[in-house]
Amino acid sequence: MELWLVRHGETLWNREGRLLGWTDLPLTAEGEAQARRLKGALPSLPAFSSDLLRARQTAELAGFSPRLYPELREIHFGALEGALWETLDPRYKEALLRFQGFHPPGGESLSAFQERVFRFLEGLKAPAVLFTHGGVVRAVLRALGEDGLVPPGSAVAVDWPRRVLVRLALDGEEATG
């Protein structure tokens, strides 16, 4: 099934290199511009969005009126929410880079996060555009045998649960996968 996974546009914490999970921040001016560049580049499919402001704003600026779902939220970083990447304890950095064994104090384990996201995806019955977060996109890519972080305001099309189809970069150029 064709799914377009869109990472929200830039926020202040993205720019500052902070862990951003469930804190409800708006897009920066650059994030708004990134979202507007998506308008017309995404297919006219039903849209779903994380209920967090940055994902909703991205969807609306890209020309969609999505249904909101907390299941599409980023991982809950708990006590690490807002921490600067550069000052993060090396064991958390390593777990995040490997995308395995991560469980922040007072937050959501990586396995619980993935279960939440995949349960939502398995409930979809038709192609869709999903406005979500970097961790969600990365979890899906890893499940399809790829890895990598996608920049804010970019999209990846996948044939769920089979393979990656297209990566839509910030500048609007497509690269097939």
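Student: What covers the buried residues of helix 3?
Tutor: In this predicted model, the cover includes strand 1 (2–7), helix 2 (29–37), strand 2 (47–50) and strand 4 (128–132), where helices (H or I, at least four residues) and strands (E, at least two) are DSSP runs numbered from the N terminus. The buried residues themselves, in helix 3 (residues 53–61), are Arg54, Ala55, Gln57, Thr58 and Ala59. Residues are numbered from 1 along each chain as its sequence is written, local features need pLDDT of at least 70, and side-chain atom pairs count only at pLDDT 80 or more, while totals for chains, interfaces and linings use all residues. Side-chain values use heavy atoms, with hydrogens and water left out.

Student: Why is Thr11 called buried?
Tutor: Buried means under 20% relative accessible area, exposed over 50%, and partly exposed in between (1.4 Å probe, protein chains only); Thr11 has a relative accessible area of 0%, so Thr11 is buried. Thr11 sits in the loop between strand 1 and helix 1 (12–16), and, neighbours within four places in sequence set aside, is in contact (heavy atoms within 4.5 Å) with Leu20, Leu25, Pro26, Thr28 and Arg54.

Student: How do you know that Leu52 counts as buried?
Tutor: Its relative accessibility is 2%, and therefore Leu52 falls under the 20% limit. Leu52 lies in the loop between strand 2 and helix 3, and, leaving out neighbours within four places in sequence, is in contact with Gly21, Trp22, Asp24, Arg73 and His133.

Student: What makes helix 5 roughly perpendicular to helix 6?
Tutor: The axes of helix 5 (residues 110–123) and helix 6 (residues 134–143) come within 10 Å and cross at roughly 80 degrees, the axes being lines fitted to C-alpha atoms over the stretch in contact, with angles from 0 to 180 degrees between N-to-C directions. Angles under 35 degrees count as roughly parallel, over 145 as roughly antiparallel, 65 to 115 as roughly perpendicular and the rest as oblique, so helix 5 is roughly perpendicular to helix 6.

Student: Which residues make that contact?
Tutor: Helix 5 contributes Phe113, Gln114, Val117, Phe118 and Leu121, and helix 6 contributes Gly135, Val136, Ala139, Val140 and Ala143.
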